[in-house]
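Colleague: I have a model to go through and a few things to ask about. Can we start once it is on screen?
Modeller: Go ahead.

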Amino acid sequence: MSHPDASAPVPAALVADPHRRRQVLAVVALALMMVVSAVSGLNVALPDIARETGATQSQLQWIVDAYTLVFAGLLLPAGALGDRYGRKGVLLVGLVVFGSAAAVATTVDSPGALVVLRAVMGVGAAFVMPTTLSVITTSFPEEERPRAVGVWVGVAGGGAVIGLFGSALLLEYFAWSSFFALNVVLAVLALVGTLVVVPASRDISAPRLDLVGAVLALVGITALVYGIIEGPVQGWGDPWVVTGLVLGAGALVGLVLWELHRREPMLDPRLFRLRGFGTGSLSLLAQFFAAFGFFFVILQYLQLVVGKSPLAAAVTMLPMPLVLIPLARRAPVLAERVGLNRLGAVGLVSLAAGLLVMTTLGTDFSFPVFLAGLVLFAVGMALAGTPATTAITAALPPAKQGVASAVNDTSRELGSALGIAVLGSVLNQVYRDTLAPALAGLPPEAAEAAQGSLAAAQAVAAQAGPAGAALAAAADEAFVAAFGDALTIAAGVLVLAAGYVLVRGPRATR
């Protein structure tokens with residue numbers, strides 16, 4: 001195939017050779033797995049981080065969400081940069097930034113430093129993720145695009161657990177910092193693959209960059225999630241919490257108004273009137289709100305309550321990708337038969353059903369119950385993900401696939417950030433309130449530490465003498481109660497989204 005020169009950029013770069021297309025798909029899938037596993041893989045290390053760095057439950061949320069917040073806030077401008085300056089170049093920059101920050105993170109041991117480096121990794125991830133999907137949609141012919149998107153969706157969902165398993169395997173033999181070493185290896189491999197096989201493409205009519213919109217998006221998302229995370233710790237009436245919630249909501253409203261009146265918007269809010277674009281975005285937001293909130297709480301449950309090692313916890317999650325990835329590849333065919341809206345709604349309901357099954361888990365672990373819930377959850381991710389992504393990308397022309405990709409990814413990452421923030425805060429609030437009566441008589445410092453996280457409560461219990469067993473049992477029960485409430489809220493969000501997708505979503509891509 002011919003390559004564009006600086007004077008003649010092309011809006012698309014269809015790859016004629018089927019073997020080359022498979023190579024392109026493999027490289028962008030690897031880059032995508034790197035980005036996704038950077039959230040899920042860290043979850044399996046959270047108990048070790050809490051024990052070895054003294055991080056509280058709130059700090060653990062920040063270590064996870066610093067990445068997703070910056071990621072979500074920069075996805076739209078990053079997608080626009082790819083359209084304007086070239087998707088391959090933006091992908092390369094993202095891989096370098098991500099890998100470099102991960103390399104530095106292998107050398108630190110404080111929660112504050114981890115938060116900062118995770119935020120820098122989020123910058124790199126924002127340049128990578130929208131580019132992976134737009135490379136697919138501009139490299140593959142229209143008739144092959146849905147199947148390629150299905151692979152992308154399967155990697156986005158199943159890759160989370162595969163990354164989690166890889167991280168857990170490392171943690172079995174090395175310190176928690178080895179998680180970041182895995183990120184470095186994946187970044188280097190994806191960088192080499194991108195240089196060799198990914199075609200160059202750009203949008204010849206890309207709009208000017210929207211710095212005001214980018215700042216409003218980042219401030220709005222970050223401030224809102226700050227208020228949600230800190231509310232259970234500082235109190236919902238705390239001035240900083242209230243300021244975060246109000247500032248976040250105000251900035252997001254300002255973003256919509258700014259984009260509506262801009263001649264060349266970064267993202268035109270009117271696009272959400274398109275049935276596929278609007279319902280696909282809402283569906284992905286709900287899916288990833290539930291999925292990454294679930295990962296955040298379930299891996300702490302499996303390790304801290306059930307007592308599994310990081311590797312054993314990851315092995316327990318392996319049925320998920322084994323179900324999700326093959327089924328996601330079949331989802332485009334199913335969508336053609338029953339309709340995008342129906343398949344998407346069924347998937348969301350299946351996700352909700354899986355979470356509700358999980359709420360019946362107690363301090364005594366039942367693997368059959370867990371497996372039933374996990375399979376329903378995996379089926380839901382496979383069936384809901386492809387219709388939502390296909391609906392978004394099909395709603396816009398090829399030259400605007402950077403926007404479609406960025407909105408697709410923003411919905412995912414915003415859902416992930418909100419899921420970790422909201423469900424993590426529910427977990428934190430209910431845990432603290434439920435455990436409070438069992439802390440009577442403890443020294444104030446010990447009581448405060450026990451309320452900070454389950455890992456800290458178990459450490460306090462280990463030093464509390466004869467009363468320690470009762471405290472440990474109360475902490476486990478409080479965590480399980482909080483775990484159930486968090487998953488119930490996620491299931492409710494999914495059911496509401498399913499109803500909207502069924503009624504409003506498009507039946508076909510055209």
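Colleague: Does arginine 329 count as buried, partly exposed or exposed?
Modeller: Arginine 329 counts as partly exposed, because its relative accessibility is 44%. Keep in mind that this is a predicted model.

Colleague: Which helix is arginine 329 found in?
Modeller: Helix 11.

Colleague: And which residues gather with Arg329 in the patch of positive charge?
Modeller: Arg147, Arg330 and Arg337. Together with Arg329 they make up a positively charged patch on the surface.

Colleague: Where does the largest share of that positive patch come from?
Modeller: From helix 11, residues 319–338, which supplies three residues.

Colleague: What about a nonpolar patch on the surface, which residues form one?
Modeller: Val188, Val192, Leu195 and Val196 do, and their accessible area together is about 370 Å².

Colleague: Take valine 196 from that one. Buried or exposed?
Modeller: Valine 196 counts as exposed, since its relative accessibility is 60%. Its place is in helix 6, which covers residues 178–197.

Colleague: Switching to aromatics. How many aromatic pairs are there?
Modeller: The count comes to 13 aromatic pairs. One of them is tyrosine 67 with phenylalanine 71.

Colleague: Why is the pair of tyrosine 67 and phenylalanine 71 called edge-to-face?
Modeller: Because the planes of the two rings are at 70°, and an angle over 60 degrees counts as edge-to-face. The ring centres of tyrosine 67 and phenylalanine 71 are 5.5 Å apart.

Colleague: How many residues apart are tyrosine 67 and phenylalanine 71 in helix 2?
Modeller: Four residues, so about one helical turn separates them; helix 2 spans residues 57–85. Both tyrosine 67 and phenylalanine 71 are buried.

Colleague: And what is the geometry of the aromatic pair of phenylalanine 292 and phenylalanine 295?
Modeller: That pair is edge-to-face too, with 5.4 Å centre to centre and 90° between the planes. Phenylalanine 292 and phenylalanine 295 sit three residues apart in helix 9, residues 275–305, so they are separated by about one helical turn.

Colleague: Buried or exposed, phenylalanine 292?
Modeller: Phenylalanine 292 counts as buried, with 3% relative accessibility. Phenylalanine 295 is also buried, at a relative accessible area of 2%.

Colleague: Which residues form an aromatic cluster with Phe292 and Phe295?
Modeller: Phe288, Phe294 and Phe377.

Colleague: Back to helix 2. Is leucine 60 buried or exposed?
Modeller: Leucine 60 is in helix 2, and it is buried because its relative accessible area is 2%.

Colleague: Next, serine 405. Where does it lie?
Modeller: In helix 14, residues 401–435. Serine 405 has a relative accessible area of 0%, so it is buried.

Colleague: What is the separation of the C-alpha atoms of serine 405 and leucine 74?
Modeller: 13 Å, while along the chain serine 405 and leucine 74 are 331 residues apart.

Colleague: Now a loop. Where is threonine 360 found?
Modeller: Threonine 360 is in the loop between helix 12 (340–358) and helix 13 (367–394). Threonine 360 is exposed, because its relative accessible area is 58%.

Colleague: And how many Å separate the C-alpha atoms of threonine 360 and threonine 53?
Modeller: 32 Å; threonine 360 and threonine 53 are 307 residues apart along the chain.

Colleague: Last one, leucine 169. Buried, partly exposed or exposed?
Modeller: Leucine 169 is partly exposed, since its relative accessibility is 39%. Leucine 169 belongs to helix 5, residues 145–173. From leucine 169 to phenylalanine 179, ten residues apart along the chain, the C-alpha separation is 9.6 Å.

How values were computed:
Residues numbered from 1 in each chain as written. Predicted model: local features only at pLDDT ≥ 70, side-chain atom pairs only at ≥ 80, totals over all residues. Heavy atoms only, no water. Patch = residues over 30% accessible without salt bridge, like charges linked within 9 Å, V, L, I, M, F, W, Y side chains within 5 Å. Areas by Shrake-Rupley, 256 points an atom, 1.4 Å probe, with all protein chains shown as cover. Salt bridge = Lys/Arg side-chain N within 4 Å of Asp/Glu carboxyl O. Lys, Arg positive; Asp, Glu negative; His and termini not counted. Charge placed at Lys NZ, Arg CZ, Asp CG, Glu CD. Helix = DSSP H or I, 4+ residues; strand = E, 2+ residues; numbered from the N terminus. Buried < 20%, exposed > 50% of the residue type's maximum accessible area, 1.4 Å probe, protein only. Phe/Tyr/Trp six-rings, centres within 6.5 Å; stacked < 30°, edge-to-face > 60°.
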